[in-house]
Structure formats: C-alpha cells, structure tokens
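Work through the exercises below with the structure open. Try each task before reading its solution.

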Amino acid sequence: MKKTREFSKPPVVLSYATIAGPKEGEGPLASYFDKVINNLYYYEDTWEKAEQKMLLEVAELALKKASVNKEEVDFFLAGDLLNQIISANFVARNLGIPFLGLYSACATFYEGLVLGAMLIAGGFAKKVLVGVSSHYATSERQYRNPTEQGVQKTPTAQWTVTGAVAVLLGEGEGKIKIPRITVGKAVDYGLADPSDMGGAMVPAAFDTLLSHFKETGLDYDYYDLLATGDLASFGHQLLVRLLKEQGISFGSKLTDCGIMIYHPEQQVNAGGSGAACSALVTAGYVFNQLSQGKITKFLGLGTGALLSQVTTQQGMTIPAIAHAVSFESY
C-alpha cells in the first residue's frame, strides 16, 4: 500500500505565525519566532488557559498576515497533547471555523499539514488553517510526576516545548509549496519506557523516511535539509545508526527539531519534544530559510509517541507514528 502522495498542483503556505515559551526564547532559534512569552502563565490563572491563549493568538496572527478573514477559511485542523485536545477545542470554539480536531501526539502538526494539503489538492478546500500547541507545565501535570516533587529525570527524558504555531495553507501562488507527503503507519517495537520516547519513535521515523524515498524515487541527496520531529539526541543517534546499517547516510543534512530548539547547556536532558517542537522549528527557522532561498528543499518528519497515562500505568508498550511533508521554495 503506497503511503506517499504527490500533488500535480501543490498547495502553498500562505502565512504562518509562531509563539514560543520562555525557555525556547533562550534557545538558538529565538530570533525566528514572532513572539516569546516571558512566563508560563502568560498573564492567565492556569497553565491550560495560557496554552489556549497562545494557540488562539497564532491562529489570528496567521490570518492577519495573509489578510484573510475567518469566514474565508474552509477548515481549522488543530490539536495538542492534553486530554480531549482541550486547547484546540476551546480555540476552535472562539474561531468559529469548521473544525477537525487532531491527535498524533508530537506529530500532530505534521498530521495537520498532511490532511490540509490533501484537502486543498483534492479540491475539497481552498484555505485550511493548521494549528498546534504544547506547554511544558500542562504536559508535566498530565503525563508525568508533578513538577513540585522535583523527581529526577533520566538522561533519555525530554523537555516538552512551550509554544503554539498556526499555518495557513491554500491554493495558487506562494513562496513555499508542498509537493508531496508521506503518511506514516503506527509502529511498535515493544518499548514501554515513557522516559525514552525518542527511542520508541525511531522505528516509525525510519519506516516513513525509507518509504518516502522508495515511493518517490528521489535520490537520498535530493533535499537540502531533513529533520525529524523530536527524537532528540539519543533517538537521533539511533536513527543514524539504523540508516547506516542500510548503507544510507544523510550526513549533516539530517537533524532533529528536538536538538535544534535548545542550546546543549539548557539542561533539557535529551532535548525537546511536544507538538510545538517540530512546529516551531519548521514554521520558525525552516520557513525562514526557504523564504530567503538559503535552502530550497526540506523534508520534515513529525514524530509522535502514541501513549497515554493509562497505558503507561498498565505497562503497555508505546506505538509511534511519523508523517513526512516535503517543502520546496521557488
């Protein structure tokens, strides 16, 4: 079953907006974000409200940048990491745009791009707004031990990125186009440690990456830059090793958003994770590089660990997913 689709009329990126958290604002990509908030509460009384506020702001900013009214948008595709994707749900309520809620954990941004591109290329929509958010404190509250306990984390653990991103996709002219996508399949190699999500996601990234090149027939050196979503340092090393065993090397062209978003000295264990991780790096740094012509071909792979608190407590293993989206500038 073929997982890749190539578009005869590639959808384009009409606009995009980014907001990053305080820690991400101290990272190497800070200058590429539209806004950096200075505290995790963002002038709200709960972290959850702060996350919703960020997502609503980027959605409205992306529309403003494109001079597009909400009424002109066919669908709002959005998700986050919280139960019942509450951040996206509340923002969708405020926007009033026909809404499809998404969940692919940290791969949600790329899932939204895949679906948005197919809706436009298939003639089912002219404009689609894709949005995601994640927040360090809301995720810690839901998935892990309360931060107040100060539980020691393992070296393979990752730091959930605080931020929100919205991208408006559409037809016609645009500096950045999406010529092809590859939809991943859920892959589970039996890892059950929620503190090693990078390791759990590697097999899914490996499968989608190889499928993309096999099905498109592109040479391995076709892209100027390739980035997985949030395998972080340990997962990235493992992916490079698996590729090497297949005789494949992308060299320095292959990196990971979870590595890119923080400085090594920022004490984030293995690196960044979360729905906003790949989104901030892609819509912040990568879109800037494509727009300025510093790179012309980029392949992003959103990676997601599809676990829950219940499955973790029951000792179940972690299925993972990876979706690939190709961006090219012209």
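The exercises cover helix packing and then the domain contact.

This is a predicted model, in which local features need pLDDT of at least 70, side-chain atom pairs count only at pLDDT 80 or more, and totals for chains, interfaces and linings use all residues. Residues are numbered from 1 along each chain as its sequence is written, and side-chain values use heavy atoms, with hydrogens and water left out.

**Exercise 1.** Describe how helix α1 packs on helix α2.

Solution. Helices here are DSSP runs (H or I, at least four residues), numbered from the N terminus. Next, the geometry. Axes are lines fitted to C-alpha atoms over the stretch in contact, and angles run from 0 to 180 degrees between N-to-C directions. α1 and α2 are therefore oblique to each other. Oblique is what remains after roughly parallel (under 35 degrees), roughly antiparallel (over 145) and roughly perpendicular (65 to 115). The hand of the crossing is right-handed, meaning that the near helix is turned clockwise from the far one by less than a right angle.

Now list the contacts (heavy atoms within 4.5 Å). From α1 come Glu48, Glu51, Gln52, Leu55, Leu56, Ala59 and Glu60; they meet Ile86, Ser87, Ala88, Phe90, Val91, Asn94 and Leu95 of α2. Sorted by class, this contact has eight nonpolar, three polar and three charged residues. Nonpolar covers Ala, Val, Leu, Ile, Met, Phe, Trp, Tyr, Cys and Pro; charged covers Asp, Glu, Lys and Arg; the others, Gly among them, are polar.

**Exercise 2.** Which residues of α1 meet α4, and at what angle do the helices pack?

Solution. α4 covers residues 136-143. Its axis lies 8 Å from that of α1, at an angle of about 130 degrees. α1 and α4 are therefore oblique. Their crossing is left-handed. Trp47, Glu48 and Glu51 of α1 meet Ala137, Thr138 and Arg141 of α4. That contact holds two nonpolar, one polar and three charged residues.

**Exercise 3.** How many residues does each domain give to the contact?

Solution. An automatic or database assignment sets the domain bounds: domain 1 is 4-170 and domain 2 is 176-329. Their C-alpha centres are 17 Å apart. Domain 1 gives 55 residues and domain 2 gives 63.

Terms used. Helix = DSSP H or I, 4+ residues; strand = E, 2+ residues; numbered from the N terminus.
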